[in-house]
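Let's take a walk through a protein together. Have a look at the structure first, and then we'll go through a few spots one by one.

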Amino acid sequence: MEAVEKARITVVVDNHVDALLTEGPGVERFTMLNHFVPPHGEPICTENGISYWIELHRDGRRHHVMFDTSLTSHVLLHNVRALGRSVDQLDHVVLSHGHPDHFGGLMGLLQARRRPLPVAVHPDAFLPKYIIDDAGNSVLTINAKLDRAAIEAAQGVIVESREPVEVGPGALATGQIARDPDSVFEPPVPARGPGPAGIFLERDGELVNDDATIDDQAVVLHVRDKGLVVMTACGHSGIVNTIRHAQRITGVDRIHAIMGGFHTGFMGVPEENGAATIAALAEFEPAILAPMHCTGIKTIARAVVDFPDRFVHNVTGTTITIG
């Protein structure tokens, strides 16, 4: 896997925004001054979702990738403008999985553009996904608005794959992430009760348990002289599984940065899973650790304590430059 000279990763949307955070080496913020006097007309805002803007530099050229499109196009497109970007700059979009806080802004994004845009996605993201309650009733089809025909009509070019897909120089969508059958804390799924409640997908006319979200994928970047940047969205596969998968598919062992949702804050996930996750990440010796989105405040707090000099609070409007 060829490396890029530099990667700039901007959080377009995360669950949090904080105008009081300070800048540091390689870390830029949408500061309080930016909120009071917005450089592009409006301050940033947030919602329960996640979206990254990845700018890759190689051989004097720049390539732009968006990883996930948050919950709504309203917030997504507002923040793209507030951060001084244009959706027409994008060369590729990656969807992590078929949950609405990750694909919700896609249609608005495509409709706001003037030319086609490749969309990398696991094929199972399009299978109907249902939330089943304790009585066995379907209460919600959570990916009903992820519509293949509508995406294509809006000039989205669907790139379906269970295998890794190159989405830019030095950048891969990981494809389906291998799970460790011997792990006691990954993937981080809710403890199941005796009833039928859970998340299911419909495959060939049958309901299949999907609490572990088999279509989950990540994005991995290779930055010259630094190593890998492993980026998750919700981290349904488990962040440790995801990192090891990234090492296998790239042939690169060195881990420079780990960022994204670890799914340890989701209701029903045992608290000890978060502690085990943070402890396991020490093995990879990352220079940057940035838990986000669905990681949960208790697991984030553990990361602050265990990685005090490497933790970055990677909220909406933050840009991390690597390389």
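Is glycine 274 buried or exposed? Keep in mind that you're looking at a predicted model. Glycine 274 has 0% relative accessibility, so it counts as buried. You'll find this glycine in helix α7. Leaving aside residues up to four places away in sequence, glycine 274 touches Thr264, Thr299 and Arg302. Valine 12 is another story: it sits 262 residues away along the chain, and 25 Å separates its C-alpha from that of glycine 274.

Helix α6 runs over residues 239-250. From first C-alpha to last, α6 reaches 16 Å, close to the 16 Å expected for its 12 residues. It's mostly covered, with nine of those 12 residues buried. Among them are Ile239, Val240, His245 and Thr250.

Now for the cysteines. How many disulfides are there? The count comes to zero. Take cysteine 45: the nearest cysteine sulfur belongs to cysteine 234 and is 20 Å away. With 27% relative accessibility, cysteine 45 counts as partly exposed. What about cysteine 234 and cysteine 294? Their sulfurs are 3.4 Å apart, which is too far for a bond, because a disulfide needs the two sulfur atoms within 2.5 Å. Cysteine 234 is at 5% relative accessibility, so it counts as buried.

Key: Residues are numbered from 1 along each chain as its sequence is written. This is a predicted model: local features need pLDDT of at least 70, side-chain atom pairs count only at pLDDT 80 or more; totals for chains, interfaces and linings use all residues. Side-chain values use heavy atoms; hydrogens and water are left out. Helices (H or I, at least four residues) and strands (E, at least two) are DSSP runs, numbered from the N terminus. The expected span of a helix is 1.5 Å times one less than its number of residues. Buried means under 20% relative accessible area, exposed over 50%, partly exposed in between (1.4 Å probe, protein chains only). Contact means heavy atoms within 4.5 Å.
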